[in-house]
Amino acid sequence: MRNGFLRFISGAAMCVLATHASAAILTYDATLLGSSESPASGSPGTGFAQVTIDPVAETMTVHVTFSGLITNATQSVIHCCTGVPGVGTAGVATPIPAFAGFPLGVTSGSYTSPVFDMTLPSSYNPAFITLEGGTPQAFAALVAGLTADEAYLNIHTIGFPGGEIRGFLVAVPAVPEPSTWAMMILGFFGVGFIAYRRQSKMSFRIA
């Protein structure tokens, strides 16, 4: 009876872990540099970008900070998808000229986007939707490009219309929530205790 209960707890822990993994929020980070442009811009500007996607709710949020640009920002967009991870150029996937509310006309700033509904055509560059064959396909292509390191965030400026600083967005490993860790530990304890009990019974029979 006790072993059955512990097996149940262990199984529940595994289910929680599986559910957490399947519903995990996807996070991608990028360091924005002039040297990352293709070709390199030579700009001393720097920045950081983070893109968060909920694949179940089909939403996206964007956070960007930047400073030290040589000329004022004119665009801030995500390009997708390059043919090779981490290099090359690609068309614009997100709205042109910039994310809603992004600070343009400045050489430094910070930005936190609203929650973009990725089921809406307004969350994309129309050309990207056309290229992918529809809005659902565009979302799938963007997520695939981000996951494959084939998408980058680019800040374009007056002096660098092709982009002054950019960075390829790289997936950040998901960290289990405290409740998930607790279930994991409990599950491991249950498995270990069952193994111990079995070993003890075998030792008793042999003796």
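A residue counts as buried when its relative accessible area is under 20%. In this predicted model, Thr 27 comes in at 19%, so it is buried. Thr 27 sits in strand β1, which covers residues 26–33.

## The chain as a whole

Stepping back, the chain has 4 helices and 9 strands. Reading from the N terminus, the elements go α-β-β-β-β-β-β-α-α-β-β-β-α.

Of the chain's 207 residues, 39% count as buried. Take the contacts between residues at least 6 apart in sequence, and 64% of them link residues at least 24 apart.

## The largest nonpolar core

In soluble globular proteins, nonpolar side chains tend to be buried together. Here, the largest nonpolar core has 35 residues, and the ones touching the most other members are Met 60, Val 62, Val 64, Ile 78, Leu 142, Leu 153 and Ile 155. Two or more residues each come from β1, β2 (46–54), β3 (59–67), β4 (73–80), α2 (126–132), α3 (135–147) and β7 (151–157). The top contributor is α3, with 6 residues.

Met 60 is worth a look of its own. Setting aside neighbours within four places in sequence, Met 60 contacts Val 51, Thr 52, Ile 53, Ile 78, Thr 94, Pro 114, Val 115, Phe 116, Met 118 and Leu 142.

Terms used:
Residues are numbered from 1 along each chain as its sequence is written. This is a predicted model: local features need pLDDT of at least 70, side-chain atom pairs count only at pLDDT 80 or more; totals for chains, interfaces and linings use all residues. Side-chain values use heavy atoms; hydrogens and water are left out. Buried means under 20% relative accessible area, exposed over 50%, partly exposed in between (1.4 Å probe, protein chains only). A nonpolar core is a set of buried Ala, Val, Leu, Ile, Met, Phe, Trp, Tyr and Cys residues joined through side-chain atoms within 4.5 Å. Contact means heavy atoms within 4.5 Å.
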